[in-house]
Amino acid sequence: MEDEVARNSVQIIHQFILELIELTGDESLRPLLSIDNLASLKAMLAPGSSRQAMIVSTFIYFTANATVMTTPVIAAMPKLSTALKNLLVGMPALSATLTMPAFGRNVDLTGGQREIIIKRLASTAGPAIYMVLFATMDISSVDSFNIPFAIMVCANGLAGLSLATFPMVNNLLNCTRKKDSGFTQSLFAGFSNIGPPLALIFYQGTLSTLEPHYVYAISTLLSALGGVAAYYGYVVSPFHALRKRGFSEDAAKSIAELFGQEIFPAPTNTPFWPAI
């Protein structure tokens with residue numbers, strides 16, 4: 001019975017592929033018509049698994065949380081006023097809040113991989129700037145809103161862009177079965193948010209042996225690893241993968257359902273703002 005269902009699913013997918021070839025003239029899809037195994041078709045059209053999506057997405061956001069670290073900076077500037085220290089601490093959250101809505105909508109439209117890569121590359125500049133500042137100047141001399149402090153504000157704003165990638169959890173849920181969605185969200189939120197306390201423990205543990213610019217060099221490397229993971233390992237949902245291959249929204253949803261996808265983003269014509 002299961003074999004018959006799989007064969008029927010393959011035939012339906014072949015029909016969608018033929019229609020797309022006729023519509024676009026994309027002959028690169030024709031070899032897929034010789035594949036008569038549903039799992040093999042999925043591997044070609046929508047690569048990646050829910051487990052890979054879970055592991056990679058969690059690692060990406062773990063590195064985002066772990067690299068937004070202001071404690072070494074605050075501790076190194078005893079002369080700076082409390083108000084300016086609070087400005088530094090608040091900048092990552094502010095930049096994340098301002099850029100997150102647009103990114104969240106993009107995740108619904110495309111799965112968000114390209115935007116995650118861009119944001120992670122930009123956010124890597126944050127700890128890199130601190131690495132250079134600590135290596136080239138006496139941070140403790142900063143006592144007002146001067147040029148070095150303005151550079152730090154910008155660095156924290158850039159670092160906060162990594163936090164704006166949180167809506168990737170929507171794509172992760174699209175890769176997950178409905179009955180596992182709560183557990184998946186718990187794992188993602190739990191493991192990705194241990195980044196800040198681990199970063200603080202690392203900083204305190206290395207305070208006596210490493211200079212701050214070395215700490216930020218490690219932070220820069222960790223942030224870059226998050227970007228590399230987003231480029232090479234990030235998994236978009238079958239629906240988004242099929243849309244990228246040129247299938248219409250209806251065809252992509254039909255094929256994705258045959259591949260086992262159960263949770264889908266809202267249609268592209270959904271008016272979000274009036275509903276808020």
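**Entry 1: the bend in α5**

I started with helix α5, which bends by about 45° at Met100. A proline, Pro101, follows within four residues of the bend. I keep in mind that this is a predicted model.

How far apart are the end C-alpha atoms of α5? I found them 42 Å apart. Helix α5 covers residues 82-110, and at 1.5 Å a residue its 29 residues should span 42 Å, so the two values agree.

Next I looked up which residues of α5 are buried, and Leu84, Leu88, Met91 and Phe103 are among them. The list also includes Lys85 and Asp108, as well as Pro92 and Gly104. Just after α5, I noted that Gly111 takes a positive phi of about 100°.

**Entry 2: aromatic rings**

I searched the whole structure for aromatic pairs and got eight. One of them joins Phe166 and Phe188, with 5.9 Å centre to centre and 50° between the planes, and it counts as tilted. Where do the two partners lie? Phe166 is in the loop between α7 (147-160) and α8 (168-174), while Phe188 belongs to helix α9 (residues 181-192), so the pair ties together parts that are 22 residues apart in sequence.

**Entry 3: an enclosed space**

How many cavities of 30 Å³ or more are there? I counted one. The largest cavity has a volume of about 50 Å³. Its lining includes Thr67, Val68, Met69 and Thr70, along with Gly126, Pro127 and Tyr130. Ala155, Asn156, Ala159 and Tyr216 line this cavity too. I checked which helices take part: α6 (113-136) and α7 each supply at least two residues of the lining.

**Entry 4: stepping back**

Last, I looked at the whole protein chain. Of the 276 residues of the chain, 43% count as buried.

Technical notes: Residues numbered from 1 in each chain as written. Predicted model: local features only at pLDDT ≥ 70, side-chain atom pairs only at ≥ 80, totals over all residues. Heavy atoms only, no water. Expected span 1.5 Å × (residues − 1). Bend = angle between axes of the 7 residues up to and from the residue. Buried < 20%, exposed > 50% of the residue type's maximum accessible area, 1.4 Å probe, protein only. Phe/Tyr/Trp six-rings, centres within 6.5 Å; stacked < 30°, edge-to-face > 60°. 1 Å grid on protein atoms, 1.4 Å probe; cavity = no way out; pocket = protein on both sides within 12 Å on 5 of 7 lines; lining within 4 Å. Points joined across faces, edges and corners; volume = space filled by probe spheres on them.
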